[in-house]
Amino acid sequence: MTAAVTYESIKTCKQSGARLGRVHTPHGVIETPAFMPVGTQATVKTMSPEELKTMDAQIILSNTYHLFIRPGHEIVKDAGGLHKFMNWDRPILTDSGGFQVFSLSNMRKITEEGVTFKSHLNGDKLFLSPEKAMEIQNALGSDIMMAFDECPPFPAEYEYVKKSLERTTRWAERCLQSHARPQDQGLFAIIQGGMHEDLRKLSAEQLTSMDFPGYAIGGLSVGEPKHLMYEVLDYTTPLMPANKPRYLMGVGSPDALIEGAIRGIDMFDCVLPTRIARNGTCMTSSGRLVIRNAKYATDFGPLDAKCSCYTCTNYSRAYIRHLIKADETFGIRLTTIHNLHFLLQLMREVREAIKEDRLLDFRDTFFAAYGLNDN
Ligand SMILES: CCOC(=O)Nc1nc2cc3nc(NC)[nH]c3cc2c(=O)[nH]1
C-alpha cells in the first residue's frame, strides 16, 4: 500500500546535524526544514490563503480540539473536508487535540480510555480518545494527523512521566488500529518522556517499533529553559528514523528554529509569530520591536529595512503604530504578514545554509544581529 506521507532525504549539512529534505503528501511537497503557520480554527488569523501562498507557506496546522468543539467535525466533513472548507489546497497537519485539552480545559479526567473534559466555550462535558481523535481527523481530511497523546506538565515526577509515556504508546497503537485511510492520511506518533534521557529512549523505541510514517517530539516548549530543550533534542533526534520526518511541536522563536534545525529537526509549528503580532510585537533581523513604543510615532521607515514583505515594502512604523494604537484590524494584518514572512524567510535561509554546509556560521551571524549572542 502506498504511504500517504513519505520523506525524501536530499542532503545533510557537513557543518551540523541539519538536513535538507522533502516531505511528500497528497496535497503537495514540503521543502524541509519548514515552519508551519498555525491556523487553529481553520484560519491563520487575519490571513487569506492567497496571502499565505504569496509568502510561500508550504503547510499549515489546524487544531482537532477546536474544530471538534466548533463548528464540529461533521460540518467540516459535509463541506468536503478542511481543505475545501477553508479554501487551502496545500498540505494541512492537524494535531490530535490532546495538548489543547490539557492546556485549555480546566476540568479534565484522564483514564486509559481517554480524556473527559469541559468545553472551554460552554462548559459542556466532552470526551476525547484515540479513536475519537482519529474519527475527527479523518473527517477533517488532513494530510498529516497526530496520534492522541498526553503532554505531561513541566516539571513532572519521573514516575508520572514514565506511566504517561507508556499510556501514550498504548494510545498510539489504538490510533494505528482505528486509522481508516492510511493511504490518504499520514499518521505521526509523538515521542514523550519529559526531560529524562532514559524515558525519551523508551518512548522512541516503543513508537519506532510500530513503523509510523513520521515522528514528532512532544513534551517540549512547555516552560522548560531553552538549554534543557536543546539537551533533550541532542539525545532524542538520533533515536528517530533518519528516513522519516522529524517534527518538533510548539517551537517557533527564531533562535529555537535554528537550533532545532541544527539538531536534525525537519518541521516546526508555533503560534508565536501570529500571537505576538496581535499586540504589535514584530520580529526583525535586529531583534524584537514593540511598535506601540512612542519612539516609532514619527519613524517613517519600514519595520525591518532588510525585509521584502508586503508590509515592509509599503508601510512605515509610524503608520503601523497608529493602526495598532487605534485597534484597527489592518494593523494586525500588517504585523501578522510581516512576522510570518520573517519566519518563512528565515527557514528559506536555513535551507540555503544547509545546502552550502554553513549552518553554524549562519547561526552565529543571525544571533549576533538578533542580539542573541550569549556565548
Ligand atoms: C501539534 C500536535 O499536537 C498534538 O497532537 N499533541 C501535542 N501537541 C503539543 C503541542 C505543543 N505546543 C508546545 N509549546 C507551545 N508544546 C507542545 C507539546 C505538545 C505535545 O506534547 N503533544
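Contact here means heavy atoms within 4.5 Å. Axes are lines fitted to C-alpha atoms, for helices over the stretch in contact, and angles run from 0 to 180 degrees between N-to-C directions. Helices (H or I, at least four residues) and strands (E, at least two) are DSSP runs, numbered from the N terminus.

This is a predicted model, in which local features need pLDDT of at least 70, side-chain atom pairs count only at pLDDT 80 or more, and totals for chains, interfaces and linings use all residues. Residues are numbered from 1 along each chain as its sequence is written, and side-chain values use heavy atoms, leaving out hydrogens and water.

Start with the sheet. Eight strands form an open sheet with parallel pairing, in the order β4-β14-β13-β12-β11-β10-β6-β5. Strands pair if DSSP finds at least two bridges between them. β4 (34-36) and β5 (60-62) are the edge strands, each pairing on one side only. From one strand to the next, the twist averages 25°.

Inside the sheet, β10 (residues 144-146) pairs with β11 (residues 186-191) over three bridges. Isoleucine 144 has glycine 186 as its bridge partner.

Now the helices. α6 (residues 130-140) lies across β6 (92-94), β10 and β11, at about 160° to β10. α8 (residues 197-208) lies across β11 and β12 (214-217), at about 160° to β11.

Last, a loop residue. Arginine 263 sits between α10 (254-262) and β14 (267-269). Arginine 263 counts as buried because its relative accessibility is 18%; buried means under 20% relative accessible area, exposed over 50%, partly exposed in between (1.4 Å probe, protein chains only).
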